[in-house]
Amino acid sequence: DSWKYAFEESLTEVQGVYATKFKEEIEKNSDNEIQLFPYGTLGESADLMEQTQAGILQFVDQSPGFTGALIPEAQVFFVPYLLPTDQKHLARFFRESKAINNDFKDLYAEQGLELLQMFPEGEVAMTTKEPVNSCEDLNEVKFRVMTNPLLVEAYKAFGATPTPLPWGEVYGSLQTNIIQGQENPTFYLYSTKLYEVTDYITYTGHSNFTTAVMANKEFFDGLSDADKKIVQDAAKAAFEHIVVYQDGLAQQELKKIKETKPSMTVTVLSEEQRSCFKDAAGDVEAKFIEMTGDRGTAILKQFKADLAATAQ
Amino acid sequence: MAIKITAIMIVLLLAGLPMMIPLLLAAFYGFYELFNGFSKMDFMVQQMLAGIRPASLIAVPMFILAAEIMTRGQSANRLIDMVMKFIGHVRGGLAVSTATACTLFGAVSGSTQATVVAVGSPLRPRMLKAGYKDSFVLALIINASDIAFLIPPSIGMIIYGVISSTSISELFIAGVGPGLLLMVLFSAYSMIYATIKKVPTEPKATWSERLDAARKAIWPLGFPVIIIGGIYGGIFSPTEAAAACVFYALVLEIAVFRSLKLIDIYQIAKSTGLITAVVFILVGAGAAFSWVISFAQIPQEILGAIGITEMGPKAVLGVISVSFFIGCMFVDPIVVILVLVPIFAPVVDAVGLDPVLVGTIITLQVAIGSATPPFGCDIFTAIAVFKRPYADVVRGILPFTIILAAVSVALIFFPQIALFARDLAFR
Amino acid sequence: MLPGFLGQIDTLIGRAEAVILAAGVLLMALNTVGNVIGRFVFQYSFFFTEEVNRILIIMITFAGIGYAARHGRHIRMSAIYDALPIRTRKVMMILITVITALTMFALCYFSIGYILKVAASGRVLPALQIPVYLIFLWVPVGFAVTGIQYALTTVKNLLEKDVYLSTHMLEGYDDNEIEV
Ligand code: NA
Ligand code: NA
């Protein structure tokens, strides 16, 4: 059969690399064909989700930040400093976590979705026009965030003026100084050219960008056991591919940025400099619990237990 | 399926149905074929709503509103009077001014549709009065407005840059050359036209007359300050600048010039809403249509059939030009860029084309497609705003299309038109 | 244009559409400027500006298509049509209005299906936290009103001698037409 798979980035970005590997594996191991639909070709996140739930698309890659309206618990990924920056630890966590592989699987199933794989896309960096060494430096900085309540809360807690803007307006607004900062994983800063309109890249370690690949549940349940296994194996193989691909990716992309724009200042905040950001994380966690109640609390608890178990 | 969809569109279009119907019924047919019946038709509605969702579209009604207030009040006339005192004695001067105003306004506002209205509404009556034929005036306004795509900030270039990972700063600089070239060629054509058609000139104004006109225009000169200063100065996004212009226009016309009453504002707002709806329903229908094309992978099919992977760089550029031109004849430029760029990306990469050149060529084609029959968002806008029949609006377009086509071909063979400034600044 | 009670309802709907159009556009300007003032004067960006504008644009578009149908303002390519003799034009116009009305009614039906789906999903607007389906309620109404306008135009063309572009408009472009 011919299956359709949509994602939120371009073919050469992390989600695209994952999708390409997934396609390769499926087509190698079965007679099925996968058609890939990159960013914008079939609509935006909310559209893609509806299309997947209706079975028009068989597979979709959607970041939990966009799933928040459907699955509030998915916003747990925006609690600052919850996930580690160590990519190896993260990989183990995504492989073994009960919260991800059991709890979230059930939450997605409630929405008619079969969660196949969650994977990290890299540490989120802030890019700004002025240096950021502490929360005070974010004071009165209009900072673009995705329209996600918890992320807005996080940047309020950091002291910035969170400014939700549609993605298409970010570059122009940075260029004309309507906003003075935004956050994204490193590869994205390079591929979308955001470094051209900002001068400082700062790593505060507060967040890792996570994304999730899922299938329409009815479609998945209707597959033969052999086909189900092929799909699941392909999702796992693509995950391992991404783990290797991600290794050093941020450094490599950062190097490209430095080569094209030598004036770019890159700062990794010290533990001490991070303290006020870490303090703010408590407020955001409280807000998350307020928004999601018992179910959110349970997920958060399981997250922490899983992270401890995979810490080594 | 591609052939049947095209046939449905052409027949319904020529039969004189409201233009949303050919797009909608073609999309209907596509959904019916793709999903064996009517079960997924609700996603047509999803895509129509997605089509009118982009935040950047909000600038369109805002600029329309501001322009209508200025035109029905005195601001626009005072501005034009001033310009006329300076260039009224030059043959074709008013046409050249119109081309320049469209380029400038379009460059800054970023919206070609807004430009058609904002510059066209006040200037069209003046050009008609000065003796230009309406077919020429409409074609000039529509085509000159599309230069907006090429001059920064250009939303089309930003989208292209983001999804193809191409430097947006370089794209911006590369667009300026072809953009200015077009403006110069349109101006030259306007002067030739005015000379051949013997469009009368005004007597040369004295400096005291000029100063007097400038004095009268002092308040309305605040508009370019708000738009250009506001956007490049980082105070407003284009949409916000438009809304700010609305309020400035209201203050001027109601309080300063006392030329409009509140009931006039109600009328103007209502007609702005009407124009917006007429244009946006087409944008929505186009989005539903393009979803079908994208989902059915029709572009991939066609490109495979013509063997794009076997072609050399110039031929690939030719195919890209034609594809984007055709695409923009039917749907909104942004949608075309989103759908087609990823499809061409591997080929562009394989033949080693400069992505900045490709982006510039694509942007130019997008501009041409939006102003060329049969469909085209700027043609729709002109019909809606100026209340002229379709045939009148497109009658004078051919000479402009020839100029645009010539520049497209030139760009393929002399890429330096675009890349010269880029290389100077970045290499 | 319609007789009696139905005519009154029709006039009322037309008025309502006009008010929605005007109010929608003005509110959009107010909302957008409000955000600029908030950002610069109070260092506070309203999270809901974009969402409010999105609500308004849907409202304007779907109130506007009915109003445009009423006044014959939908864009069409009439070059061939205009060249035909009047009897053919009359037949064509009846076909055109029937096809358009049917398309609008179909879309009305499908949009209700879509709204039910969105309502069932429980999706809310991220900033305003109101259910998304509420902002779509205009959509089927707009399609229905537009469909009815075209259906009435069909009837009008069947009953009257002249060719009508809409219930309120004879065919042809007229510079002296009443301002709508
Ligand atoms: Na522009
Ligand atoms: Na066109």
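How many residues of chain C are in contact with chain B? Here 58 residues of chain C touch 61 residues of chain B, where contact means heavy atoms within 4.5 Å.

## About the model

This is a predicted model, in which local features need pLDDT of at least 70 and side-chain atom pairs count only at pLDDT 80 or more, while totals for chains, interfaces and linings use all residues. Residues are numbered from 1 along each chain as its sequence is written, chains are lettered from A and ligands numbered from 1 in the order in which they are written, and side-chain values use heavy atoms, with hydrogens and water left out.

## Confidence

The model scores ipTM 0.91 and pTM 0.89. For chain C the mean pLDDT (the predictor's confidence in each residue, from 0 to 100) is 87, and 92% of its residues reach 70 or more. Helices (H or I, at least four residues) and strands (E, at least two) are DSSP runs, numbered from the N terminus.

One stretch of chain C calls for some care. Over residues 175-180 of chain C, pLDDT stays under 50, and the model has 11 contacts beyond four places in sequence for them. Where pLDDT is low, the predicted coordinates should not be read in detail.

## Chain C with chain B

Chain C and chain B bury about 5,400 Å² between them, with 78% of that on carbon and sulfur atoms. Buried area is the accessible area (1.4 Å probe) that two parts lose on being put together, summed over both.

One salt bridge is found across this interface, a salt bridge being a side-chain nitrogen of Lys or Arg within 4 Å of a carboxyl oxygen of Asp or Glu. The partners are C:K117 and B:D42, whose closest N and O atoms are 2.7 Å apart. On the chain C side, α1 (4-41), α2, α3 (79-83), α4 and α6 (138-159) each supply at least two residues. The biggest share comes from α1(C), which gives 15 residues. By type, the chain C residues that touch chain B are 38 nonpolar, 11 polar and nine charged. Ala, Val, Leu, Ile, Met, Phe, Trp, Tyr, Cys and Pro count as nonpolar, Asp, Glu, Lys and Arg as charged, and the others, Gly among them, as polar.

## Chain C with chain A

Now for the other partner. In this interface, 17 residues of chain C are in contact with 18 residues of chain A. About 1,400 Å² is buried between chain C and chain A, 60% of it on carbon and sulfur atoms.

C:R123 and A:E50 join their side chains in a salt bridge, at 2.2 Å from N to O. The elements of chain C that give two or more residues to the side touching chain A are α2 (49-70) and α4. Of these, α4(C) gives the most, with four residues. The chain C residues on this side divide into seven nonpolar, five polar and five charged.

## Two positive phi angles

In the loop between α4 and α5 (132-135) of chain C sits C:Q129. Its phi is positive, about 60 degrees, although C:Q129 is not a glycine. C:Q129 is partly exposed, with a relative accessible area of 46%; buried means under 20%, exposed over 50%, and partly exposed in between (1.4 Å probe, protein chains only).

Chain A has a case as well: A:Y81, a residue other than glycine, has a positive phi near 65 degrees. A:Y81 lies in the loop between α3 (64-67) and α4 (87-96) of chain A.
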